Amino acid sequence: MKKLSMLFVLSLIVTLSSQAATINVPADQATIQAAIDAAMSGDVIQVADGTYNEDLIFLGATGAGVPAGTARNNITLQGSDPANVIIEAANARTNSPGLNAGILGILGQAFGAGAATDHKGIIVEGNGITLRNLTIRNNSNTGDALFGEAAALLVSGNDLTVENCVIEANPDNDVGRAVYVITGDYATASGDPAIIGTYPTPGLEGLNSNFTDTIFRYGDSTIDTVDAAFFLFASGFLPNNPPIRVGTGTFTNCEVTGGPQSGNGPGGAIGEIDGGTYSFIDSHFHDYNDGMESGGGNWTFANCLFERSHNQYAARSNWSGEGGPGHTVFNFTDCVFCGHSSSGMLRLQESDALIAGCIFNVTDTDSRPAIRYSPGDYDSDFVLFGGYPASSNITIDQCDFYNPNGSGIVGDDPQDTPGEPIGNLIVTNSIFHCAEPINLTGAAGVADRNATVNNNDLFSTGAVSNPDSGWIILSETANLNEDPGYIAAGICPDPDDSFQYNFTNANLATAGTSGQAIGSQGTLPPTASDVTNWEIYR
């Protein structure tokens, strides 16, 4: 019995000693970085109210050449409220020998940046890091010495959680990012024993990042992603072609703004995303010069609002090679696009896209389209990375287009290079209140451009325009030409309550491919959802 009692006591002591600790800054540790260095897996760093000018790093080095326990994993860094706890980058961390700047510091030394500062604010290489109730800011004016880039938060580790934060770059220049996801298998790409001994294969992957109730502001690209190892190989800086490492993540109930600029002023893009698989749910994108530009990867937007573009598209695909080979796959569901731009709301090239249940409300008085689809606009460098895809496929279903001065959809750009993919445009069950609902232009190219347009309301022309006969109309049946009688078209609705796009024309109630109502909203107002209160951003 005494032996059992003693074992129980010892077990209790071990259990208590292994419980997570709370480290208070500055009461227990004078700086946040000192608290990170002292923290163990499971610890919570509680930061007192105030402004902290620090460059922080959660290291992720795990190779045989570093001491065990160097990586900082499963640590929570939190404040009381983003308005009260502000971490502003000092931009003083240099690429000096050692691991003080992580993999970027090692690369900076290798590329001759010497003791230059990295301008990356908070670097997260470790796994399982949580950031909560913080403002994270980097007002860098210059960026780093190699590429002129800065970031408030740089993400390379897996399983990052960010809750109720404000993350912002400098609003007055085009060098910064609010969030920069930088991944890559640097060991394979470099073949350098020093890197293999610190950051071995598979490298830094940036998998499963989760951002919730967070505001992202400003910068050249508010959110940016890149497989840096592949990019450095493709640019001739590293000798070996590495396996592609692109991140994954989810943004829920977030706000993304490019900043206060207008026209062609500095900054203002909401994203330059090259590779990866990311989802944006119940999120709001507004006030930007350039929208969400994807250079590859899989992107899902559900119940999102895009509005107040100062210049370019709300979203477009434009392959860059920075995320590896492969074109973009877009999925837009129950989203609202509102306002105007210099070229349209969606620019689809080098991509596949499924667009369902969306509203396109063009407020511009010029004749710009809501969607521009360019199946022949493929970068010739695709042939260097496995060749062109076999086809580019755009499917639009149960959507509303209101553009009384322009087109709902423009299809252009015939393929002019052998090997470029076939283009397929499928439009069903949608309502167009446009000067020209669907306008397909350009002579025939070296590959087919096909269109299927069935069971839509093509008001006010009643037909697809194909003036150059360059598109093959596979099917154009069961389309109406009737005023839908929208309740309040032209007013930008919220995704959760879009009654303005309920129609009153009874003929549309059974015009769908299965006898259902066409358009996104139907004849009766939907049940309002309280998932997101969009008015808080107005």
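Reply: Happy to! Two strands count as a pair when DSSP finds at least two bridges between them. Keep in mind that this is a predicted model. Strand E1 covers residues 22–25, and four bridges join E1 to strand E2, residues 44–47, with the two running parallel.

Now turn to the two faces of E1. Ile-23 and Val-25 make up the covered face, while Thr-22 and Asn-24 lie on the uncovered one. In a regular strand, side chains alternate between the two faces of the sheet.

For another view of cover, go to helix H3, residues 102–110, where seven of the nine residues are buried. Among them are Ile-103, Leu-104, Ile-106 and Leu-107, along with Gly-105. The cover over these buried residues includes strands E4, E10 and E13, as well as helices H4, H5 and H6. After H3 comes Gly-112, which has a positive phi, near 85°.

Finally, look at the surface. Leu-146, Phe-147 and Phe-237 form a nonpolar patch there, with about 290 Å² of accessible area together. Phe-237 sits in the loop between H6 and strand E17, and Phe-237 counts as partly exposed because its relative accessibility is 46%.

Methods: Residues numbered from 1 in each chain as written. Predicted model: local features only at pLDDT ≥ 70, side-chain atom pairs only at ≥ 80, totals over all residues. Heavy atoms only, no water. Buried < 20%, exposed > 50% of the residue type's maximum accessible area, 1.4 Å probe, protein only. Patch = residues over 30% accessible without salt bridge, like charges linked within 9 Å, V, L, I, M, F, W, Y side chains within 5 Å. Areas by Shrake-Rupley, 256 points an atom, 1.4 Å probe, with all protein chains shown as cover. Salt bridge = Lys/Arg side-chain N within 4 Å of Asp/Glu carboxyl O. Contact = heavy atoms within 4.5 Å.
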